[in-house]
Amino acid sequence: MTNKPDFSSAIDRATVHAPFLRVALEQQPDLAEQLAAGIVPDPAPFDADVPVGVALRRARRREALIVAIADLAGALDLSGVTRRLTAFADRALDVAIRTAIHERTPDAEPAGFAAIALGKQGSGELNYSSDIDPILLFDPATLPHRAREEPQEAAIRIGRRVVELLQARDGEGYVLRVDLRLRPSPEATPIALPVDGAISYYESAALPWERAAFIRARVCAGDIALGQRFLDAIRPFVWRRGVDFGAVGDIREITRRIRDHHAQGQAFGPGYDLKRGRGGIREVEFFAQIHQLIHGGRDSGLRAPATLDALDALAAAGRIGGDEAATLKAAYVAFRTIEHRLQMVDDRQTHALPRAQDALDNVGQLAGFGTGASLIAMLKPHVAAVGSIYDSLDPPDTAALSSDAETLPGQLEAIGFADAATALQLVERWRGGSYPALRSAPARQALEAVMPGLMAALGQAPDPRAALIQVDAMLSRLPSAINFFRLLEARPQLAQLMATILSHAPPLAQALGRRPALLDGLIDATALAPMGDLPALITEMTSGEDGDDYQAALEHVRRVVGEKRFALGAQLVAGASDPLDIAHGYARVAVAAVEVLAAATVADFARTHGRVPDSELLVLALGRLGGGAMTHASDLDLIYLFTGDFAGESDGLKPLGAVHYYNRLAQRLSAALSVPTAAGPLYEIDMRLRPSGAQGPLVVSLDGFAKYQRKDAWTWEHMALTRARAIYGSDDARAAVTAVIDEVLATPRDPGRIVADAAEMRAEMTRHKPPAGPLDAKLLPGGLVDLEFAVHVAQLTNHAGFDPDLDPAIAALADRGLAPAGMVDAYRLLTRMLVLLRLVAPDSEPPSPATQALIMRVLGAESWDALVARFDATRQEVARFWTDISGGTG
C-alpha cells in the first residue's frame with residue numbers, strides 16, 4: 001500500500017481476485033468510471049422513486065463498491081472504512097424502522113421503537129461483510145399500533161418487517177444480515193422487547209458477557225430518545241462504581257470457551273481464524289474491554305466504544321503500557337484489513353484464512369502481498385504478540401485456596417461450626433463447582449469474595465449447621481448465584497439476617513432459593529418495621545404500573561407481594577414483631593393484592609367486553625382472609641358476586657351476557673391471583689364456600705346469593721359467613737352485601753340443629769384431616785378449629801358477637817357470658833403459635849433446640865417445657881368450651 005491512493009491497481013486487483021467486486025463494477029459502470037478517476041463519492045440519498053427495499057439494496061451495492069475500491073486503493077484507512085460502513089448500516093436500519101411503522105400506521109409518527117446497536121455496529125467498526133446485532137426495543141405507551149392490537153404484537157410485526165427489508169435478497173443483492181440473538185434469552189423472548197422489561201432484565205439478571213457487550217452499545221436508529229432512556233437506565237449495570245477485577249475472569253472464561261469451540265481455527269497458518277483464533281481480533285477487543293470494565297466505572301474517560309480509541313485512552317490513563325497499546329493497535333489494523341480482503345472476494349462473512357493454497361494466494365494478491373506465504377509472514381508476529389499480551393491477564397497459578405486445606409477445619413470450628421466436617425465438605429463442594437450456579441469463573445470469584453463474611457455469619461447463626469445446609473440447598477437450585485453473592489458482599493449485615501432465616505424458616509429458605517433478590521427488600525431497617533396500612537400497600541402495588549399493560553401490572557403486584565410476605569416472615573424470625581401483628585400484615589397484603597389485581601383485571605377485561613351497565617364485581621373474603629389474620633401459608637377463601645340485573649349485557653366490542661361476563665371475569669381474576677409467573681406464585685384460591693360449592697357457578701348475582709343464603713345454605717355455610725367481609729367493590733356494593741350478611745346472620749334458627757350440624761361437621765373433619773403433629777395449633781383437639789367452631793355456634797345460636805375478626809368477636813361473647821373469659825387469651829396464643837410455627841416448624845413437629853429458643857423468645861416462654869405445658873392447658877380450656885357448646889357430641 002503506497003502513500004498515494006492507487007485506484008488503478010485497486011480496480012485491477014478487484015477485477016481479477018474478487019468476483020463480487022468484479023460483478024459490482026460491471027453493474028455500475030458510471031460509478032466504476034468515477035472510482036477509476038480517483039473520485040470517492042459521498043453517500044447518496046436513498047432513491048425515493050423505487051420501493052424501499054430496492055432502494056436500500058441498490059444503496060448497499062453502491063456503498064460496498066465505493067468502500068472496497070477506496071480501501072484497496074489506500075484512500076480510506078481502517079477507521080474511515082468502518083465508519084462509513086457503520087453509517088450506512090445506521091441509515092438503512094433507521095429507514096427500515098420508519099418504513100415498517102409507516103406501512104402499518106401511515107398517519108402515525110414513527111415513535112416508540114428503537115434499535116440499540118451492539119458489537120461492531122455499536123462501536124462504529126463494522127467490517128466489510130458484517131451482520132448487525134441490534135436489540136429492538138419498544139415503548140407500549142408510544143408505539144403506533146392498529147386497533148384491537150396489543151403493542152407487543154405490533155412491535156413483533158414491525159421487527160419482522162425491519163428484518164425482511166434488510167435481509168431479503170434479489171438480483172441486486174441484500175442490505176444487511178441481521179442477528180437478533182444478543183437480546184436476553186433469545187430462544188424464549190420476542191424479537192422486540194418492551195423497554196421497561198429490558199431495563200429490569202439488565203438491572204437484575206444479565207450475564208457477564210452482556211455487560212461487556214454494552215460497552216459498545218449505542219442507540220442507532222428509530223426513536224433515539226427511547227433508546228437513550230434505556231441506555232441511561234442500564235449504565236450502572238455496565239459501569240460499576242467500584243474497581244471490578246471480577247471482569248477479568250468473566251471475559252477470560254468467554255475466551256476459553258471460544259478457543260475450545262473454534263479449536264480448528266486456533267493454530268496459526270492456513271485456516272487460522274482472524275476473529276476467534278488465539279492472538280486474533282477478539283482478543284485485542286477483549287483486552288481493551290476487560291480494562292475498561294475494571295476501571296471505567298470510576299473513570300468515564302475510558303468508556304470509548306471503538307477498540308483503537310479505547311486502547312489510546314487506556315494508555316493515556318496509564319492503565320496499560322504505551323508499548324502494549326501500540327502493539328495491539330498495529331495488530332488490530334492488520335487483522336481487520338485482511339479480514340476485509342477475505343470478505344471482499346465473495347461478499348461472505350468469513351474470518352478464516354483459506355486452507356487451499358490457491359485461495360490463500362488469491363487473498364494475498366488482492367491484499368497486495370503477491371502470495372499467501374507473504375500474507376502469512378506479515379500476520380505471524382502480530383498473532384504471537386497479541387496472544388502473549390492477552391494471556392498475561394491470567395494470574396499465575398497459585399495454591400492460595402488449597403494451602404489452607406489443613407487449617408480450614410480449625411478455622412471453621414473457631415467461627416462457630418461445631419460440626420466442622422460437614423462445613424468443610426460443603427465448602428469444598430461449592431469451591432469445586434458441584435452446582436451449575438457455581439461453575440463459572442465469575443461465580444467462583446464472587447463466592448470467594450463473600451466466603452469469609454458469609455461463613456462468619458453462618459457460624460454465628462442460632463443453628464450453624466442447619467443454616468449452612470440451607471445455603472447449600474439454595475445454591476443447588478439457583479441458575480446463577482453471582483448477584484446473590486454480590487449483594488451479600490455489598491451488604492454484610494444481610495448475611496447475618498439470612499443466616500437466622502435459614503436456621504429457622506424452611507419456607508423462607510425455599511422462597512429465597514427460588515428468588516434470591518428477595519433479600520434486596522431487607523437492605524434497610526424499614527424491612528423490619530410494621531407493615532403499612534391498606535392504602536399504602538395499594539399505592540405501592542400500583543406505583544410505576546402501566547395502566548395499559550395488564551401483564552406488567554400482574555408481575556409488579558406479584559413482586560411486591562412476594563417481597564412483603566418475605567419481609568413479614570423475616571420479622572417473625574428476627575423477633576421484631578408480635579405474630580398477631582404479622583398475621584394482620586399478611587392479611588392486609590392479601591387484601592391489597594386482591595383490590596389492585598381485581599381493578600386491573602376488570603379494566604383489562606372491559607377493553608374487549610366493556611362493562612355491564614349498573615352492575616359491578618364484588619369480592620367477598622371469608623376464613624382467615626375475612627378475619628384479617630393470615631399465616632404465611634394461608635390460602636384465600638373467596639366468593640365472587642355481581643350486582644345488578646343477571647339478564648343484563650355488557651356494552652363492549654364483544655358483548656357478553658351478565659352471567660357469562662362475570663364468570664369469565666372471575667376466572668381471569670382467579671388466574672391473576674394464583675397462576676405462577678416469572679415473579680413467583682401468589683396465593684392458592686379456595687372457592688368452595690360459594691353458593692352450592694364446587695357444583696355451583698363461579699359467580700352469582702347478589703340477589704341470587706341472598707336467596708341462597710336465606711333458603712338453601714347449610715349450617716356450615718352460615719358459620720363461614722360469620723367471617724365474611726367485602727374486600728373489593730364500590731362502597732354501595734359493599735354496603736349491600738354487608739346488609740345481606742347481617743340479615744342472614746340475624747335470622748332466627750334452631751339452636752339444636754346448629755349444634756348438631758356443627759358437631760357432625762367437626763367429627764367429619766377430624767376423620768379426614770387429622771393433626772399434622774404434636775404442635776398443630778389448628779387441628780389438634782382444643783386447637784383453633786375447635787375454638788372457631790365453638791365461637792361460630794355461640795354466635796349463631798345467640799345472635800351475638802358477630803365480627804369477622806375473631807379477637808373482638810370472642811371478646812364480645814365473653815362480655816355477655818357466652819364464652820369463657822380465657823378464650824381471648826387462648827385465641828391469641830393459638831394464633832401466635834400457628835402463625836409462627838407455619839414458618840419455623842411447618843411439619844408441626846418439635847423443631848431443633850435453636851428454633852425452640854426462637855419460639856420461646858417470641859412467645860415469652862421461660863422454657864420449652866413451660867411453653868408446651870401452656871399450649872396443652874390452653875387446648876384443654878378450648879376443648880371444654882367446645883364440649884360445653886356442642887353438648888359433648890363433637
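**Close-up views of a predicted model**

**View 1. Tyr640 and its neighbours.** Leaving out residues up to four places away in sequence, Tyr640 touches Leu617, Leu618, Val619, Ala666, Leu669, Ser670, Leu673, Met687, Leu698, Val699 and Val700. Everything shown here and in the views below comes from a predicted model.

**View 2. The largest nonpolar core.** Here we step back from Tyr640 to the core it belongs to, which has 172 residues. Tyr640 is one of the five members that touch the most others, together with Trp430, Leu475, Met498 and Phe705. Helix H26 makes the biggest contribution to this core, giving 16 residues. Another core, of 101 residues, lies apart from this one, and Ile132, Leu274, Ile281 and Leu308 are among its members. As background, nonpolar side chains in soluble globular proteins tend to be buried together.

**View 3. Leu78 in helix H5.** Look for Leu78 in helix H5, which covers residues 78-104. Is Leu78 buried or exposed? Leu78 counts as buried, because its relative accessibility is 13% and the cut-off for buried is under 20%. Setting aside neighbours within four places in sequence, Leu78 is in contact with Tyr332, Val333, Arg336 and His340. For a sense of scale, Leu78 and Val589 are 61 Å apart from C-alpha to C-alpha, with a separation of 511 residues in sequence.

**View 4. The second largest pocket.** This pocket holds about 1400 Å³ of space. Its lining is made of 35 residues, and those nearest the centre are Arg688, Leu689, Met765, Lys769 and Phe789. Which helix gives the most to the lining? That is H32, with seven residues. Helices H27 (623-627), H30 (715-721), H32 (751-768), H33 (784-798) and H35 (823-840) each supply at least two lining residues. Sorted by class, the lining has 15 charged, 14 nonpolar and six polar residues.

**View 5. Arg148 in a loop.** Arg148 sits in the loop that runs between strand S2 (131-138) and helix H7 (151-167). Its phi is near 60°, a positive value in a residue that is not glycine. For context, most residues other than glycine have a negative phi. Arg148 is also exposed, having a relative accessible area of 75%.

**View 6. Asp614 in a loop.** Between helix H26 (579-609) and strand S6 (617-622) there is a loop, and Asp614 lies in it. What is the phi of Asp614? Asp614 has a positive phi of about 55°, although it is not a glycine. With a relative accessible area of 75%, Asp614 is exposed.

Terms used:
Residues are numbered from 1 along each chain as its sequence is written. This is a predicted model: local features need pLDDT of at least 70, side-chain atom pairs count only at pLDDT 80 or more; totals for chains, interfaces and linings use all residues. Side-chain values use heavy atoms; hydrogens and water are left out. Helices (H or I, at least four residues) and strands (E, at least two) are DSSP runs, numbered from the N terminus. Buried means under 20% relative accessible area, exposed over 50%, partly exposed in between (1.4 Å probe, protein chains only). A nonpolar core is a set of buried Ala, Val, Leu, Ile, Met, Phe, Trp, Tyr and Cys residues joined through side-chain atoms within 4.5 Å. Contact means heavy atoms within 4.5 Å. On a 1 Å grid over the protein atoms alone, a cavity is a set of points where a 1.4 Å probe fits but cannot get out, and a pocket is an open set with protein on both sides within 12 Å along at least five of seven lines; lining residues have an atom within 4 Å of a point. Grid points are joined across faces, edges and corners, and a volume is the space filled by probe spheres set on the points. Ala, Val, Leu, Ile, Met, Phe, Trp, Tyr, Cys and Pro count as nonpolar, Asp, Glu, Lys and Arg as charged, and the others, Gly among them, as polar.
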